[in-house]
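Colleague: I am new to this structure and would like to learn how to read it. Could you walk me through a few features?

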Amino acid sequence: METIILTYEDVKELLTMKETIEAVERAFELHGKGLTQMPPKVYLSFEKGDLRAMPAYLEGKAGIKWVNSHPENPKKGLPTVMAVLILNDPETGYPIAIMDGTHITNFRTGAAGAVASKYLARKDSKVFGFVGCGRQAYTQFLALKEIFEIEEVRAYDINEKNAEKFVEFCRKWTEADVKPIEDVCDCDVLTTTTPSRKPVVMNDWIREGTHINAIGADAPGKQELDEKILLRAKIVVDDLEQAIHGGEINVAISKGILKPEDIYASLGEIVAGLKAGRESNDGITVFDSTGLAIQDIAVAKVVYDRAVETGKGLRIDLFRGLV
């Protein structure tokens, strides 16, 4: 057997957002039906950052993502987040592919926001707000435009240059009215992608009927939303255990403001039809995204299949001489 080695550029060339959304939606459906294996993330913590192991199995696909988070990396000319993904053949355990997982992480996270919005946002949503205009905002936008007819994009970042770059990017992909603006929360779908450890979106700013994709909180102590918003909202998580540990709800849970039983559903339960999504144009919905290994493995299999079809990547006999 051969192992296919795929670089960042290879993965970027092989993967489309449409395929990513389809794979992620299917992964959530299987998760909701209890048809996946996904042990909790394993963390190695260091002074300057951390490493996380994320294994998963679903529908004949198995593998693991090994990903870091080192906030000071840009000063050293390195990305904050880098990921390597190993895809295995479940029948033999053979590593059929070793690929960049960074692009997959960005795309599958954007796809998760789009899938959540498909089920939780109002169908007539036209105005989309973004708080935080870093790398993840781009893929959130690319995914949302696959689901909705976007008429207006509102963008805000504490760094004005980030907001301006994001606005320029969006204008290349849509004819919608795109503008940097402080009144970003007056929208139908709000996406937050900041690393904040204190609320950056306050309760008074959110009107009834809004859907919020809370993407930034992915570790204990992180939060982007005023807890009062959570008390008003129907809260949907990607995975309850992960969300309690390090998702948007983690601070409210630790303070006793929320209890686990206050969480309405997992996104998988809604995609699988076990629970309803948005049921009226009123009310606030929040999707708490922590990022699941099943998303990574589902999308990695799409990349692998395309590499096999196209001949992309370097093929090596990784275990030559072992037998």
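Modeller: Happy to, and keep in mind that this is a predicted model. Let's begin with strand β1 (residues 3-6), which pairs with β7 in the parallel sense over three bridges. In that pairing, I5 stands opposite I98 in β7.

Colleague: Which strand do five bridges join to β7?

Modeller: That is β6 (residues 83-88), and β6 and β7 run antiparallel. Here I86 is the residue that stands opposite I98 in β7. The hairpin of β6 and β7 has six residues between the strands, and G93 takes a positive phi near 85° there.

Colleague: In what order do the eight strands of the open sheet come?

Modeller: Reading across, the order is β10-β9-β8-β11-β13-β17-β15-β16, and the pairing is parallel. β10 (177-180) and β16 (265-266) stand at the edges with a single partner strand each, so one side of each has no neighbour in the sheet.

Colleague: Which strands does helix α3 touch?

Modeller: Helix α3 (residues 102-120) packs on the sheet and touches β11 (189-192), β13 (211-214), β15 and β17 (284-288). Its direction makes about 160° with that of β13. Helix α4 (residues 135-147) also packs on the sheet, touching β8 (127-131), β9 (152-156) and β11; the direction of α4 makes about 165° with that of β8.

Colleague: How is the protein chain divided into domains?

Modeller: Domain 1 is 3-105 + 293-316, and domain 2 is 122-288. Their centres, taken over C-alpha atoms, are separated by 24 Å. Across the boundary, 16 residues of domain 1 are in contact with 18 residues of domain 2. The area buried between the two domains is about 1400 Å², with carbon and sulfur atoms giving 64% of that.

Colleague: And how many disulfides does the structure hold?

Modeller: A disulfide is a covalent bond between the sulfur atoms of two cysteines. This structure holds zero disulfides. For C133, the nearest cysteine sulfur, that of C170, is 7.9 Å away.

How values were computed: Residues numbered from 1 in each chain as written. Predicted model: local features only at pLDDT ≥ 70, side-chain atom pairs only at ≥ 80, totals over all residues. Heavy atoms only, no water. Disulfide = S-S within 2.5 Å. Pairing = 2+ DSSP bridges. Helix = DSSP H or I, 4+ residues; strand = E, 2+ residues; numbered from the N terminus. Contact = heavy atoms within 4.5 Å. Axes fitted to C-alpha atoms, helices over the stretch in contact; angles between N-to-C directions. Domains from an automatic or database assignment. Buried area = accessible area lost by both parts, 1.4 Å probe.
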